[in-house]
Amino acid sequence: MNNCLFCKIINNEIPSEKVYSDEEIIAFKDINPQAPVHILVIPKKHIDGADVLEKEDAALAGRLLLTAARIAEQFHLSNGYRIVTNIGEHGGQTVRHLHFHLIGGEKLIDSF
């Protein structure tokens with residue numbers, strides 16, 4: 001995806017404050033944090049969003065969530081945190097590349 005912001009971050013065309021990277025996943029601090037800890041956890045494989053995950057993506061989707069939980073431990077979020085993914089324009093997805101927001105570091109108010 002030539003114009004995908006997250007693909008450009010994955011390819012080091014745009015700088016980011018990375019907190020995790022392996023062969024399939026990258027995680028970096030959100031540039032517009034909504035809490036003291038706000039990290040985006042994304043697959044290096046371009047997938048538009050959770051709404052288009054395929055059966056063959058199941059293991060990767062699981063690894064994304066496990067990675068988010070490990071990063072939460074790394075950032076000492078033992079009092080709790082939120083993992084969120086937005087889907088589509090009406091769901092608030094501003095970058096059409098699957099990503100999970102790991103949000104915590106303070107008591108989160110219910111916004112639903």
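This briefing walks through some side-chain contacts and surface features of the structure above. Keep in mind that the model is predicted. A search of the whole structure turns up one aromatic pair, and the salt bridges come to six. There is also a nonpolar patch on the surface, made by Leu 65, Tyr 81 and Ile 83.

**The aromatic pair**

- The two partners are Phe 6 and Phe 28, with ring centres 5.7 Å apart.
- Their planes sit at 70°, so this pair counts as edge-to-face; the label takes an angle over 60 degrees.
- Phe 6 belongs to helix H1 (residues 5-10) and Phe 28 to strand E2 (residues 25-29), so the contact ties together parts that are 22 residues apart in sequence.
- Buried or exposed? Phe 6 is buried, at 4% relative accessibility.
- Phe 28 is buried too, with 4% relative accessibility.

**A salt bridge between Lys 29 and Glu 17**

- Strand E2 turns up again here, since Lys 29 lies in it.
- The side chain of Lys 29 meets that of Glu 17 in a salt bridge, at 3.2 Å from N to O.
- Glu 17 lies in the loop between H1 and strand E1 (18-21), so the bridge ties together parts that are twelve residues apart in sequence.
- Lys 29 is partly exposed, at 32% relative accessible area.
- Glu 17 is partly exposed as well, at 48%.

**The loop between E3 and H2**

- This loop runs between strand E3 (37-43) and helix H2 (58-74), and Glu 56 has its place there.
- With a relative accessible area of 62%, Glu 56 is exposed, because the cut-off for that word is over 50%.
- Lys 44 is twelve residues from Glu 56 along the chain, and their C-alpha atoms are separated by 15 Å.
- What does Asp 57 form with Lys 45? The two form a salt bridge, with the closest N and O atoms 2.6 Å apart.
- Both Asp 57 and Lys 45 are in the loop between E3 and H2, twelve residues apart.
- Asp 57 is buried, with a relative accessible area of 4%, whereas Lys 45 is partly exposed at 42%.

**From that loop to another one**

- Asp 51 forms a salt bridge with Arg 96, and the closest N and O atoms are 2.8 Å apart.
- Asp 51 is in the loop between E3 and H2, while Arg 96 is in the loop between E4 and strand E5 (100-104), so the bridge ties together parts that are 45 residues apart in sequence.
- Asp 51 counts as partly exposed, at 43% relative accessibility.
- Arg 96 is partly exposed too, at 35%.
- Elsewhere, salt bridges with shared partners join Asp 22, Glu 23, Glu 24 and Arg 63 into one network.

**The nonpolar patch**

- Together, Leu 65, Tyr 81 and Ile 83 have about 240 Å² of accessible area.
- One of the three, Tyr 81, is found in strand E4 (residues 81-84).
- Tyr 81 counts as partly exposed because its relative accessibility is 36%.

Definitions and conventions:
Residues are numbered from 1 along each chain as its sequence is written. This is a predicted model: local features need pLDDT of at least 70, side-chain atom pairs count only at pLDDT 80 or more; totals for chains, interfaces and linings use all residues. Side-chain values use heavy atoms; hydrogens and water are left out. Patches are made of residues with over 30% relative accessible area and no salt bridge: like charges are joined within 9 Å, nonpolar side chains (Val, Leu, Ile, Met, Phe, Trp, Tyr) within 5 Å. Accessible areas come from the Shrake-Rupley method with a 1.4 Å probe; for residues, only the protein chains shown count as cover. A salt bridge is a side-chain nitrogen of Lys or Arg within 4 Å of a carboxyl oxygen of Asp or Glu. Helices (H or I, at least four residues) and strands (E, at least two) are DSSP runs, numbered from the N terminus. Buried means under 20% relative accessible area, exposed over 50%, partly exposed in between (1.4 Å probe, protein chains only). Rings of Phe, Tyr and Trp (its six-membered ring) pair if their centres lie within 6.5 Å; planes under 30 degrees apart count as stacked, over 60 as edge-to-face and the rest as tilted.
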